[in-house]
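Below is a short note for a colleague who is about to work with these coordinates. Please read the points alongside the structure.

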Amino acid sequence: MRSSFDRPTILHRVAAAGGLVFMHFPVFIIVLYAFTTEDRTYQFPPPGLTTHWFEVAFARNDVWSALGLSLAVATCATLAALMLGSLAALGLARSRFWGKEAITLALILPIALPGIITGISLLAALKLAKVELGFWTIVLGHATFCLVIVYNNVIARLRRIPRSLSEASMDLGADGLQTLRYVVLPQLASALLAGGMLAFALSFDEIIVTLFTAGHQKTLPIWIYDQLFRPRERPLTNVVAVMVILITMLPIIAAYRLTRSTEERS
Amino acid sequence: MIAARGAVAAAGGWSRSLSSFFYRRPNAYLLLLLIPPLLWFGTVYLGSLLSLLLQSFYSINDFTAEVVREPTLATYKQLITQPAHVDIVLRTTTMAIAVTIACACIAFPVAYYMARYASPRLKTFFYIAVLLPMWTSYLVKVYAWRLILAKSGMLTWLLDTLGLGPALDAALSTPVIGGPTLASSYIGMFIVFVYMWLPYMILPIHAALERVPRSLIQASADLGAKPGQTFRNVILPLAFPGVAAGSVFTFSLTLGDYIIPGVVGAPGYFIGMMVYQQQGTAGNIPLAAAFSVVPIVVIAIYLTIVKRFGAFDAL
C-alpha cells in the first residue's frame, strides 16, 4: 500500500541533495586550490593549474618533521588507548557492581564536553605539577579521548557476542584464560582494529587539545594552524591539507568497512 | 583448531591454576581489568578536571601577575560583574542557539529523505556521504571555508555570477552580524559552524526517524489525516528526541570552539578564545578556568532540559 505520502516532492529532493552538496564541496575546494597558480589571494576560479606546490611541499623539512611528529604521537596514543580502552570494556561489559553507572558516565565525558575543557584541564594540571610540555604531554591528551573511542567500539562488540559462546568454551574444558585467548579475543579483533584506526585518525587530526599540551612541538595540524595566521605560500598549505585528508580518510574508511562487514555477518 | 587443542593440552600448571584462581574470585579479575584504565582515566582526565575546578577558585595578583593559591570567589565575581565578560558569554550562547536551530532546519530534510524515501542502496550512499565530511579533518574544513568566504573567493564569485552580489552587500552592511567581508563577519562564522556540526545533527534525527513504524503513518492516513497533518501530529513528535539529541552536540561543540571564531569571523571574543588567550599570553589560569566552567554549567542546564524531551533515548 503506497500512498502519495511515500513519494518525495521535488522540493524535498532538492533540499536533501542541497544538504549533501553543502557538506561536500569544501573538500573539493581544498583539493582544487592545491593546484592553483595564484599564491597571494583566494581568487576563484583559479587562474591556472600546476603541480608545482607538491614539489615545494616535498622539499620542505618543516612539513616532514611535523608529519613525523604527528604520526609518532598518533601511534603512541593509539597503542595506549587500545590497551586501556579494551581493558575497561572487558571489565565493564558484563559485570555489575556499585559505582558502575558513575564510571560509564565518566568515560563519555571527554567526548560529551567540548574538547577545550580537556585541553585546559590538562594544561592547568600539568602546570600545577610543573611538568614540561612536549611529546609525551601531547600523547597523554590524545590517549584520553582515543581511549573512549576504543572503549565504545569494543563494548559495542562485547554486547553483541552471545554469552553462550564463552559458556560453551568453559563447558568444553577451556579455562578462563584459554576462553579469553581463543574465543573472546578473536571475536574482538576487528572491533579493536576499527577502534584503533578511528583513534589513530582522530589523534592525527587533533588540534583543540593539542594546542594546549604541545608546548613548542609542532604537529601537522599545528603547522596548518600557524599557516592560517601567516598566510604566505597559501597553496602549500592546501597541499599539506590534502595530505592530512588522505592520511585520516584511509583508516576511517577501513574502520567503517571492518565494523560493517562484521555487523552484517552477525 | 589443532593449534587450539594443542594449547589446551599444553596448558597445564600455572595458566590453569591462574585461571581457576580468577574464576573463584571474579572480583579480583575485575579489579585486575579495571585498575589500569581507571587509574589512568581517573588521574589524567578526572584529576585534571578537578584541578581545573580548584584553580577557578584561585585568583591572580594584579601587580605581580602571579597566581595566588588561596580559595576565593574573586575570579568568579570578575567573570559575572565585568560587562565585557558577560558579553562574551551571551555572544557565545546566542551563537550556539542560532547554530543549533539552523542545523536542525537543514538536517531534518536530509535525514527525512534518508529514512523515508531512499532505497537501501541510496541509504548506504547517504550514510557514507554524511559520515565522510564528519570525519574529514576538522582544521582542513575550517581552512576550506576561509578560502570559500574570502573577498575574491568562491562564494562571492558564485553570488556575483548569479546576480546576487547586491544581496550579499546588503547582508554584510547589516549592523552587528555584518562586516567588511564574509570571512570577517558573524554571518561567515555562523555558516562555518552550521557546516561543521551538520552531520552531528543528521545522524540522530535519522536514527529517530528510522524508528517511526510505517504502520503508524498508514494508520494516521487511514483515519483520514492529510500528509501534512500526519507529519505534524505523528512524525514530528516522534522525531523530536532525535533533534534534541543532535542539539546536544551542536550546542556543546559551538560553546567550546575556539578555532573557528579565531579563523573566521568578527573581532568579538567567544568563550573558547577567552580560555585560550587567558591561559596563554595573559597567563591567567584562574580566569581561564572560571571561563571554562561556564560551558560546563550551560551544558549541564541544557542536558537537564533536553533529557525531558527524551534525547538520551535517541542516542
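Predicted model: local features only at pLDDT ≥ 70, side-chain atom pairs only at ≥ 80, totals over all residues.

1. Confidence in chain A. Mean pLDDT for chain A is 85, with 95% of its residues at 70 or more. Within chain A, helix 3 (residues 61-93) has the highest confidence, at a mean of 92, and helix 11 (residues 234-265) the lowest, at 80.

2. Confidence in chain B. Chain B has a mean pLDDT of 84, and 94% of its residues reach 70 or more. Residues 1-6 of chain B should be read with this in mind: pLDDT stays under 50 there. For that stretch of chain B the model has 1 contact beyond four places in sequence.

3. Interface between the chains. On the chain B side, 78 residues are in contact with 70 residues of chain A. Helix 3 (residues 26-55) of chain B supplies 17 residues, the largest share of the side of chain B that touches chain A. Sorted by class, that side of chain B has 57 nonpolar, 18 polar and 3 charged residues.

4. A helix pair in chain A. How do helix 5 and helix 6 of chain A pack, and at what angle? Helix 5 (residues 115-128) and helix 6 (residues 135-160) of chain A meet at about 140°, and their axes are 11 Å apart. Angles over 145 degrees would count as roughly antiparallel, so helix 5 and helix 6 of chain A are classed as oblique to each other. The crossing of helix 5 and helix 6 of chain A is right-handed.

5. Residues in that contact. Helix 5 of chain A contributes Thr118(A), Gly119(A), Leu122(A) and Leu126(A). From helix 6 of chain A come Thr137(A), Leu140(A), Gly141(A), Thr144(A) and Phe145(A). By class, the contact between helix 5 and helix 6 of chain A has 4 nonpolar, 5 polar and no charged residues.

6. Val27(A). Is Val27(A) buried or exposed? Val27(A), in helix 1 (residues 10-33) of chain A, has 20 other C-beta atoms within 10 Å and is therefore buried, since the cut-off for buried is 20 or more.

7. Neighbours of Val27(A). Leaving out residues up to four places away in sequence, Val27(A) touches Ile245(A), Pro133(B), Thr136(B) and Ala144(B). Val27(A) and Ile245(A) are 218 residues apart along the chain, and their C-alpha atoms are separated by 8.7 Å.

Conventions. Residues numbered from 1 in each chain as written. Chains lettered and ligands numbered in written order. Contact = placed C-beta atoms within 7 Å. Helix = DSSP H or I, 4+ residues; strand = E, 2+ residues; numbered from the N terminus. Nonpolar A, V, L, I, M, F, W, Y, C, P; charged D, E, K, R; others polar. Axes fitted to C-alpha atoms, helices over the stretch in contact; angles between N-to-C directions. Parallel < 35°, antiparallel > 145°, perpendicular 65-115°, else oblique. Left-handed = near helix turned anticlockwise from the far one by under 90°. pLDDT = per-residue confidence, 0-100. Buried ≥ 20, exposed ≤ 12 C-beta atoms within 10 Å, placed from the backbone.
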